[in-house]
Amino acid sequence: MYKLLSNVKHINPLVLHYTNEVTINDCANITLALGASPLMSYSYEEVEEIIPIANSVVINIGTMNSSHIELFIKAGKVANKFKKPVVLDPVGVFATKSRSKLVERLLNEVKFDVIKGNISEIKYIGGFDVKGKGVDSFDEEENIDNIIKKISRKLECVVVATGRADVITDGEKMIKILNGTPKLKNITGTGCMSASLIGSYLGSCDDKLNSAVMGILTMAVCGELADRDDIGIGSFKVKLMDNIYKLNENILEEFSKMEVL
C-alpha cells in the first residue's frame, strides 16, 4: 500500500477540484506537496473539455454558493461519463437544508468512488441522527464501525469517516488509522486537504480503498510528526506541509498505526 506514494510522484496525476473557496489555496499546495498536480475550476464552459484530461475529480461543498450547485452536478456527471474517479466531501451537510438538498442530489445523480467526511457528516448522509454544529462533529466517542460499513454498502462506494480514529471501509474490509494530533482540528481545511490527498492517490491507481486509506494516513502521520515539539498553530501548519513534501515509504512504515478489521 505504501508504494502508492511512489505512484503519485511518478505519474503526477492531474487532480481537478471543484472545492471550498476558503481552503482552495491549501488544497492546491498540499496536492503539489504530495507530488500531484492541482487544477481548480468554477467554470461551466470548460467542464466537458477539462474533465477528460484530469485523472480524478474532487467535489467539495464547503463554501455553499447557489451558482455552483448545477456546476457540481454537471461536473460529477461528466466525470462519470469519462470514467474519472470522483471524491465527494459533503462539508456541513447537516448544517442547512440547502446543503442537505445539494448532497442528496449529488448522491442521486452522480456515482462517487470515495465519500469523505467527519463522523457526523457520514452518519447524516447515511440516514442516521447526528449531533453537530456547522462543519464540526460531536460524535467522536461513539463506536460506529458497523454503521459506517452499512453506509458504505448503501452508497456503494468507499466511505471515510474522520474522527479521533479515522475509519475507512468499502463495506467489507475496514481500516482504522490511529495516527494524528488534535491540532489538525485547529487549522481550517485539513479535511478539505485530505480530500485532495485522496484524489491524488485515486488519480494514480485503480485501488479505491487503499487510495482513501493513504490519503487519510498521509494527513494523520504528517500531522503527528509536525506536532512532536508542541509548536504553535501557525508553525504547525507549515510543518504539516513540509512533512507531506518530505514523506516517503520508510517514514510511513515506521510511524503508521493502523488496525485492519
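Because the model is predicted, local features need pLDDT of at least 70 and side-chain atom pairs count only at pLDDT 80 or more, while totals for chains, interfaces and linings use all residues. Residues are numbered from 1 along each chain as its sequence is written, and side-chain values use heavy atoms, with hydrogens and water left out.

In soluble globular proteins, nonpolar side chains tend to be buried together. A nonpolar core is here a set of buried Ala, Val, Leu, Ile, Met, Phe, Trp, Tyr and Cys residues joined through side-chain atoms within 4.5 Å, where buried means under 20% relative accessible area, exposed means over 50%, and partly exposed lies in between (1.4 Å probe, protein chains only). The largest nonpolar core has 47 residues, and those that touch the most other members are V114, I168, M214, L240, I244 and L252. Two or more residues of this core come from each of helix 1 (4-11), helix 2 (24-34), strand 8 (158-162), strand 10 (174-177), helix 8 (190-202), helix 9 (208-226) and helix 10 (233-246); these elements are DSSP runs numbered from the N terminus, with helices being H or I runs of at least four residues and strands being E runs of at least two. Helix 9 provides the largest share of this core, 12 residues. Leaving aside neighbours within four places in sequence, M214 is in contact (heavy atoms within 4.5 Å) with M1, Y2, L4, L5, Y201 and L252. Apart from this core lies another, of 39 residues, which includes L16, A54, V86 and I147.

V57 is found in strand 3 (residues 56-60), and it counts as buried because its relative accessibility is 0%. Not counting residues up to four places away in sequence, V57 touches L16, Y18, A79, P85, V86 and V87. The C-alpha atom of V57 is separated by 20 Å from that of L217, a residue 160 residues apart from V57 along the chain. D89, in turn, lies in strand 4 (residues 86-89); with a relative accessibility of 2%, D89 counts as buried. Again not counting residues up to four places away in sequence, D89 touches I59, N60, I61, K116, G117, E121, G191, C192 and A195.

Helix 7 (residues 145-155) has D145, I147, I148, K149, I151, S152 and L155 as buried residues. An α-helix has 3.6 residues a turn, so residues three or four places apart point the same way. The buried residues of helix 7 pack against helix 5 (97-109), strand 5 (114-118), helix 6 (119-125), strand 8, strand 9 (166-169) and strand 10. After helix 7 comes E156, whose phi is positive, near 55 degrees.

What charged pairs does the model contain? The structure holds 13 salt bridges, a salt bridge being a side-chain nitrogen of Lys or Arg within 4 Å of a carboxyl oxygen of Asp or Glu. One of them joins E48 and K81, whose closest N and O atoms are 3.5 Å apart. Because E48 lies in helix 3 (residues 47-50) and K81 in helix 4 (residues 69-81), the pair ties together parts that are 33 residues apart in sequence. E48 counts as partly exposed at 39% relative accessibility, whereas K81, with a relative accessible area of 53%, is exposed. E109 forms a salt bridge with K77, with the closest N and O atoms 3.0 Å apart, and this pair links distant parts of the chain, E109 being in helix 5 and K77 in helix 4, 32 residues apart. E109 is partly exposed at 30% relative accessibility, and K77 is partly exposed with a relative accessible area of 42%. These two residues also belong to a network of salt bridges that links E70, K77, R105 and E109. K239 forms a salt bridge with D229, their closest N and O atoms being 4.0 Å apart.
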